[in-house]
Amino acid sequence: MSMAARALFLAAAAMLGAARAFAAAALGGFAGAPAPAADPAALCESAAAQAAREFGVPLRVMRALTLIETGRTLNGRRRPWPWTVNMEGEGRWFPDREAALAYVRARHAEGARSYDVGCFQINRRWHGKAFESLEAMFDPTANARYAAQFIRTLHDESGSWETAAGWYHSRTPKHAERYRRAFNAALAALGPLEGGGPDAAPSAAPRPPVRLASLMPVSPLGGPSLAARALRGGGLLRPARPLFD
């Protein structure tokens, strides 16, 4: 190949490479570039749907619970947030998992022991031993599966999703009743997602049996349940959540 031909070949190759790079950018990014960050709210919503199918809990029940526990307004819609922490009565949203974990670890080192984490605000003091680690508690799928298994057990005991929702928060009657009212309001705001009401059974495959041995012991009558305390106080990204206790 002559020097002139070689120069023309290299120039053409360079132009082709530039064209491919431009096309890749137009289609969403260069090869090897990090993917866009996942929608955090969608993590809770997807986990709720998966757990609802797995444990035979109406999707509306799961969606209402996660909105009561962690809901925030995003682009005009109220949606759940997986990086929510209720630290001994003070609730905060965090921008990502790492920030939430760092906060919890720091407060735990200072002596804090009762705190709720994740999409469904699972309480570490009462239910932490059901998880391998704090990181596992924050995992949206693991968090939702535990919540679904727990409220399914409460429904089997009470025969009512409304009652089960109240007990999910507390067995103390006045606290359970206030939470039940919030649950009904959340259901009404959701509209028909699945069936005609909270007691409409999912149409998916039959739920697996709930083995209580896989659950932490339920909190004692009158004690805190999964959502052990209401979110209060100021600070970072405080959720606009009802003050139940």
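Predicted model: local features only at pLDDT ≥ 70, side-chain atom pairs only at ≥ 80, totals over all residues.
**View 1. Packing of helix 2 against helix 3.** Helix 2 spans residues 40-55, and helix 3 covers residues 59-70. The two axes come within 9 Å and cross at roughly 145 degrees. The crossing of helix 2 and helix 3 is right-handed. Helix 2 contributes Cys44, Glu45, Ala48, Ala49, Ala51 and Ala52 to the contact, while helix 3 contributes Leu59, Met62, Arg63 and Thr66. Sorted by class, the residues of this contact comprise 7 nonpolar, 1 polar and 2 charged.

**View 2. Packing of helix 3 against helix 9.** Helix 9 is formed by residues 173-190. The axes of helix 3 and helix 9 cross at roughly 115 degrees and come within 9 Å. Since angles of 65 to 115 degrees count as roughly perpendicular, helix 3 is therefore roughly perpendicular to helix 9. Helix 3 passes helix 9 with a right-handed crossing. On the side of helix 3, the residues in contact are Arg60, Val61, Arg63, Ala64, Leu65, Leu67, Ile68 and Glu69. Their partners in helix 9 are Tyr179, Ala182, Phe183, Ala186, Leu187, Ala188 and Leu190. This contact holds 12 nonpolar and 3 charged residues, with no polar residue.

**View 3. The second largest pocket.** The space in the second largest pocket amounts to about 180 Å³. Its lining consists of 12 residues. Nearest the centre of the pocket lie Leu67, Arg78, Ala186, Ala189 and Leu190. Helix 3, strand 2 (77-79) and helix 9 each give two or more residues to the lining. Helix 9 supplies the largest share, with 4 residues. The lining divides into 7 nonpolar and 5 charged residues, and no polar residue is present. Leu67, Ala186 and Leu190, listed here close to the pocket centre, also belong to the contact between helix 3 and helix 9.

**View 4. Packing of helix 7 against helix 8.** Helix 7 comprises residues 140-158 and helix 8 comprises residues 161-169. Their axes lie 8 Å apart, and the helices pack at an angle of about 125 degrees. Helix 7 and helix 8 are therefore oblique to each other. Their crossing is right-handed. Helix 7 takes part through Ala147, Phe150, Ile151, Arg152, Leu154, His155, Glu157 and Ser158. From helix 8, the contact includes Trp161, Thr163, Ala164, Ala165, Trp167 and Tyr168. The class counts for the contact of helix 7 with helix 8 are 9 nonpolar, 3 polar and 2 charged.

Conventions
Residues numbered from 1 in each chain as written. Heavy atoms only, no water. 1 Å grid on protein atoms, 1.4 Å probe; cavity = no way out; pocket = protein on both sides within 12 Å on 5 of 7 lines; lining within 4 Å. Points joined across faces, edges and corners; volume = space filled by probe spheres on them. Nonpolar A, V, L, I, M, F, W, Y, C, P; charged D, E, K, R; others polar. Axes fitted to C-alpha atoms, helices over the stretch in contact; angles between N-to-C directions. Parallel < 35°, antiparallel > 145°, perpendicular 65-115°, else oblique. Left-handed = near helix turned anticlockwise from the far one by under 90°. Contact = heavy atoms within 4.5 Å.
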